[in-house]
Amino acid sequence: MSATTLPARLPRLARIGAPVTLLMVSMLALAGCAKNHGELVVDDTVGVTALRTPCPIVEIPEMTGDVTVLAPGRVDSTAIDTVATLTNLRSHCNNSAGLPELTTKIDFDVMVRRNDTHGARRISYPYFSVVQRAGTTIVAKHLGAVSVEFADGQDRATAHGTATSVISRDEATLPKAIRERLLRKRKPGDTDAAVDPLSLPDVKAALARTSFEVLIGFQMTDQQLSYNATR
């Protein structure tokens, strides 16, 4: 994998929010949604409660939340120059009614440790911000950098980073027909009362198409990614 690409699917280290969950009894729940504040709200009929927000999940892909910088030309553990960790991931999504776009602002910290504490030093760490749709399709990618300042004799330092994503509300909203199928009350004895609508292929596909993630991580070289994968 080159330094400018990202795998289509990666396990996650840290997550804000939660994905759509399929349960035996129809339930669509996203963490952070209070009742009656999601896109879908179903009355308690046959034990069904459904909530959904169009806001994206924000998370750090595995192997991109920390980066180890080695001395040039060396790969052994004693050659470690600095180790940086991306942490304290926070986000705020503006989901105000009537806005055509969903703007999510992300804040995070970069904590760095260096082995050689001689002299003042300024180190810059590049990072990426990726908007991913349906768990596989990258629709936008932006690069940034966080600079950390070390004073002479200081071995640890922290800096603050930010990112912003903008997603179309229409693209993150379930189609009306799908919403109506999920909202329709079912009574015991109905022919489809025991069928979880979230298990139906077209419903699952619609949920995937309208699901977005924002991935934040260090933009690394092949060598740095390889080090993370094999350490």
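Predicted model: local features only at pLDDT ≥ 70, side-chain atom pairs only at ≥ 80, totals over all residues.
Residues are numbered from 1 along each chain as its sequence is written, and side-chain values use heavy atoms, with hydrogens and water left out.

The chain has three helices and eleven strands, where helices (H or I, at least four residues) and strands (E, at least two) are DSSP runs numbered from the N terminus. Along the sequence they follow the pattern β-β-β-β-β-β-β-β-β-β-α-α-β-α. Of the 231 residues, 39% count as buried, buried being under 20% relative accessible area with a 1.4 Å probe, protein chains only.

Four strands make up an open sheet, ordered 5-6-7-10 with antiparallel pairing, and two strands are said to pair if DSSP finds at least two bridges between them. Strand 5 (66-70) and strand 10 (156-168) stand at the edges with a single partner strand each, so one side of each is left without a neighbour in the sheet. From one strand to the next, the twist averages 20°. Strand 7, residues 101-114, is joined to strand 10 by 13 bridges, and V112 has A157 in strand 10 as its bridge partner.

Back to the disulfide, defined here as a pair of cysteine sulfur atoms within 2.5 Å. The structure holds one, formed by C55 and C93 with their sulfur atoms 2.2 Å apart. Because C55 lies in the loop between strand 3 (49-50) and strand 4 (57-61), and C93 in strand 6, the pair ties together parts that are 38 residues apart in sequence. C55 counts as buried because its relative accessibility is 18%.

Finally, consider T210, which lies in the loop between helix 2 (201-209) and strand 11 (212-218). T210 counts as buried, its relative accessibility being 5%. A polar atom of its side chain lies 2.9 Å from the backbone oxygen of A206, and the T210 side chain also reaches the backbone oxygen of L207 at 3.3 Å.

Key
Buried < 20%, exposed > 50% of the residue type's maximum accessible area, 1.4 Å probe, protein only. Polar contact = N/O pair within 3.5 Å; in protein donor to acceptor, adjacent residues only side chain to side chain. Axes fitted to C-alpha atoms, helices over the stretch in contact; angles between N-to-C directions.
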